[in-house]
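Look at the sequence and the model below.

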Amino acid sequence: MFEKDEKINSLVDMGFSEDEANMAIIRCGVDGDLSVLVDSISASRVAGNLNLSNHQVMGGCFDSFGGRKKARLVEERKKKRKRCGCTGQSNQPSLDCNHDEDMLIPNPMVGFNLPNYSLPLVRVTRRILEQDMGPPYFYYENVARAPTGVWATISRSLYDIQPEFVDSKHLCATARKRGYIHNLPIENRAPLLPSPPMTIFEAFPRYKKWWPSWDQRTQFNCLLTGVAGPKLTGKIGRALASADTPPSQSIQKYVIDHCKRYNLVWVGKNKVAKLEPQEIEYPLGFPKDHTRGLGDTNRYKSLGNSFHVDTVAYHLSVLKGMFPNGVNVLSLFTGIGGGEVALHRLGINMRTVVSVEIDKASKRIFRDWWNQTQTGTLIEIDDVKSLTDDQVATYVTTFGGFDLVIGGSPCNNLAGCNRSSRHGLEGKQSVLFHHYVRILNAVKSAMARK
Ligand code: SAH
């Protein structure tokens, strides 16, 4: 299982979806060399684009295609890339164009630009029709590694705008791979200052003391909604206590695999522990104690679902010059308010926020933060489904329009870890995405009528 998971992780890190990685392992076997698995996925993608039957792909790994067929597939892939203007070289960031069902994610995942990377990073092919330019500006977020076709559908529903994929590990000490579709300008962005720490030890120097040299992690993986329990950390402690110093390769591998998966830290001799909720608030860009007051399970859950504040703030920073008098915000799926915290940290005044969030615990966190930091008007609505187009039009009239419609709809049926319920965009929770589109369209038409 470990070998399989490791191969899946490596493939996912290379930019393939978990589905593709799984299918390649089914086709080639878990012993297949990584390069064979990569070839198999590439063959499968090309076959998909050439409308080859599934059977032809399932027939074996890339190597089992005849030499001529393989050459033809490679040729087709090259041609396709040429049409799209994509280089397709792994060490050079590139993006497939919007019409592609398999929207390729750039590697490294640095979006259209980032503060510490020199321009131009990614060939930006996004075109925004005049009628879709702001205001209203909009900003939509979801997990980058969604099942095949999901981002193409999202992009089609959001005016065919090219998504911007960013992994927060390029901005802070923890990974969080997300895709963003927005109609904001991408020039003259500015990062939040001070810049957050980029490594685990910069963020938490005290963990150096017990960190073994064979644990070479410098950054955390994505901080998830669930955390490791005492059973697991106890088991790791016992394995280490009865091991040699340093432990054998296999024990090291066992420990490191779990440390990576659950973002465990070294807090004593042979002693690993999960991060505390406030240690998660920090790299995600929230103020200390932002989620305090909730039970730990709710704190981990809401933080696991939240925006990465510094990434979002980098993208939203362009609003600052455009709206010196502040903004009216329609915030869909507000959660604990990652978008609003980002605006606040940018020094952008929120005159009004109409916030739509169903979870009572998250609402409480957001309302408490709002009352402590803001003077504008907060209107709360529970369920996106209950926000009608007429009500949206009334808000547009009352507030003179929305400057920003921001939100990231639930990823429950898209994210890699929810294997059993990963039904894609039409899954029970993720289907709520369509309400984002509906409500944004209602704002646009009401503002156009004005
Ligand atoms: N961007 C947010 C988190 C978004 S996660 C942040 O920074 O915290 C998706 C959110 O959608 C969750 O908080 C979830 O409670 C909320 N949600 C789920 N179903 C909903 C519904 N029907 N109406 C409104 N919000 C909903």
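Which atom of Thr-334 lies 3.5 Å from an oxygen atom of the ligand? It is a backbone N or O atom of Thr-334. This is a predicted model, where local features need pLDDT of at least 70 and side-chain atom pairs count only at pLDDT 80 or more, while totals for chains, interfaces and linings use all residues. Residues are numbered from 1 along each chain as its sequence is written, and side-chain values use heavy atoms, with hydrogens and water left out.

For Phe-307, a backbone N or O atom is 3.0 Å from a ligand oxygen atom. For Glu-357, an N or O atom of the side chain lies 2.6 Å from an oxygen atom of the ligand. The ligand taken alone exposes 570 Å², and the protein buries 91% of that (Shrake-Rupley method, 1.4 Å probe).

Helix 9, a DSSP run of H or I with at least four residues, covers residues 249-262. Just after helix 9, Asn-263 has a positive phi of about 55°.

Asn-349 sits in the loop between helix 14 (338-345) and strand 7 (350-356), a strand being a DSSP run of E with at least two residues. In sequence Asn-349 is 24 residues from Asn-325, but their C-alpha atoms are 7.1 Å apart in space. Leaving aside residues up to four places away in sequence, Asn-349 touches Asn-325, Gly-326 and Val-327 (heavy atoms within 4.5 Å).

Definitions and conventions:
A polar contact is a pair of N or O atoms within 3.5 Å; within protein, one must be able to donate a hydrogen and the other to accept it, and residues adjacent in sequence count only if both atoms are side-chain atoms. The expected span of a helix is 1.5 Å times one less than its number of residues.
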